[in-house]
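Walk me through this chain from the overall picture down to single residues.

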Amino acid sequence: MSEFHYVRTLGPDGGVDAVEGRAVGADLESLLGAGPPPFRVVLEIMAAICEILDIADEDGEVHGAMRPPSVRIDENGAVSIDGFGTRRATTYAPEGVPRGAATDMYGLGIVALRLFTGQTPSLPSAPSAHEDAVLDAVVSIDFSGMPDEMQRDVQWFLARMLAWEVDDRPSPLETWRTLIAFAGAVPGPELNKWSVDAANGRAERRPVATATPSAAPVPAGLAGPMVSAGPLKRGGLSFDAGGAKPGQATAFWSRDQMKAALDAAEREEEAHRPAPGGGAATAFWSRDQMQAMAEGRGDAPRPKRAPGGSEKSIAFTRSRSQERPTEPPARPKAEVLSIPPPKTRAPDDLPPRVPTPAKPAPLVVEGPAVRPPPPPPKYEEEADDPPPSGGSRLVPLVIGVVVILLLAVVCAGFGAAGVGVAFWPGSDTPASVAPAT
């Protein structure tokens, strides 16, 4: 699958789109170089990321390595996450390998600490030390300027997003439902206006300071945040502002109070009850919306896709559906293939065959003399005949010599007899030989 990105656009036709290629806008790491943005902008960015992660989870997509450089914001306030579509075998999260939306929620926790503190946290790789470092980082955030009733919820969600155990982290939907309303209730510039100023180098920045933990007691009854307002509602959400009630929390938690709240939340989850929030009771959800969320109905508020979508998004969605079929493809029928015989080369085209030289045989020693063994037979039929011995080779040689000698003796005898007849001793002339009658 090719690399693509998700983008959350604002406006009446806003929503989450999946688009091929790289995202546009400035990366968050560069934007944070001049200092952290105001709290309202921080919460809006986090809420938009939660929307993207919720839609990506529906699509079965996992990023696995989300960090500030992966988040991009353009001058219109659209938030994008680059780097989807890349198969990653490892991740920065404690689980080591990507495990769905929970792994990306851990990445959001790292991005959130960078947004709140202006620094990148360094977390240990041991479970107990990791938990202590997370709590220290969360309770040290200075929330001055954020309403008191929201501070504990924000702390609680930050600590849960960075939990060591995958199952302890909140879902993107659960986190979004709190952050989207908190963003609208926090004073300060909205994201779309802040992004324009950031592009021109005039964006408002928030000073970073170390917080002083509060000694306020942990509320006895931990109630989850119930909210329904926020700047992103202009993207299509319609919430009723039903009777806000004062929150129970008056300041942020200390380290021990935060740990106690997280332990209480874990006990609640083990009992199969809805996980509590940080203790704030800021109720902006209407009764019907709260009931829909509790029952998990389809009319409960949740992130949405951009209506219609762009041409690129439609084409990409179609290609992704082809790559991820919902039903297994039908097995094709067997076809009889006509395969032509392999082409043979003519004898003239064949390269000359070079015989492999025979390995020299070892020398055979017979007494004092050393001679090489006889060469192997050339043909297979001769291999069955035993090689002639040394004695059998001398017999024909001796017979030939004897025959030659005998022929020489005979020839010599005949020659001598002829001379004696022609020249008899005591006669000066050759004797005449009378012909026989």
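Predicted model: local features only at pLDDT ≥ 70, side-chain atom pairs only at ≥ 80, totals over all residues.

Residues are numbered from 1 along each chain as its sequence is written, and side-chain values use heavy atoms, with hydrogens and water left out.

The chain has eleven helices and seven strands; helices (H or I, at least four residues) and strands (E, at least two) are DSSP runs, numbered from the N terminus. Of its 437 residues, 39% are buried, where buried means under 20% relative accessible area, exposed over 50%, and partly exposed in between (1.4 Å probe, protein chains only). Contact means heavy atoms within 4.5 Å. Among contacts between residues at least 6 apart in sequence, 78% join residues at least 24 apart.

Confidence is given as pLDDT, the predictor's confidence in each residue, from 0 to 100. The chain averages 73, and 60% of the residues score at least 70. Among the elements, β4 has the highest mean pLDDT (97) and strand β6 (residues 364–366) the lowest (46). Over residues 379–385 the pLDDT is below 50, and this stretch has two contacts in the model beyond near neighbours in sequence.

Next comes the sheet. Five strands form an open sheet in the order β2-β1-β5-β4-β3, with antiparallel pairing; two strands pair if DSSP finds at least two bridges between them. β2 (15–20) and β3 (26–27) stand at the edges with a single partner strand each, so one side of each has no neighbour in the sheet. Strand β5 (residues 79–84) pairs with β4 (residues 71–73) over three bridges and with β1 over four bridges. Ser-80 in β5 is the bridge partner of Arg-72 and also stands opposite Val-7. Val-71 stands opposite Ile-81 in β5. Five residues lie between the strands in the hairpin of β4 and β5, where Gly-77 takes a positive phi near 90°. β5 is mostly covered, with six of its six residues buried.

Helix α2 (residues 39–58) lies across β1 (4–9), β2, β4 and β5, and runs at about 45° to β5. The axes behind that angle are lines fitted to C-alpha atoms, for helices over the stretch in contact, and angles run from 0 to 180 degrees between N-to-C directions.

What does the nonpolar core contain? A nonpolar core is a set of buried Ala, Val, Leu, Ile, Met, Phe, Trp, Tyr and Cys residues joined through side-chain atoms within 4.5 Å. The largest has 69 residues, of which Tyr-6, Met-46, Ile-49, Phe-116, Met-146 and Leu-158 touch the most other members. The largest share of this core, 14 residues, comes from α2. Leaving aside neighbours within four places in sequence, Leu-158 is in contact with Met-46, Ala-112, Phe-116, Val-138 and Ile-141.

Val-138 is one of the buried residues of α4, which also include His-130, Ala-133 and Leu-135. Helix α4 (residues 127–139) has 13 residues and reaches 19 Å from its first C-alpha to its last, close to the 18 Å expected at 1.5 Å a residue; the expected span is 1.5 Å times one less than the number of residues.

Finally, Ser-254 is in the loop between α7 (191–199) and α8 (255–270). Ser-254 counts as buried because its relative accessibility is 16%. Its C-alpha atom is separated by 9.9 Å from that of Gln-155, 99 residues apart along the chain.
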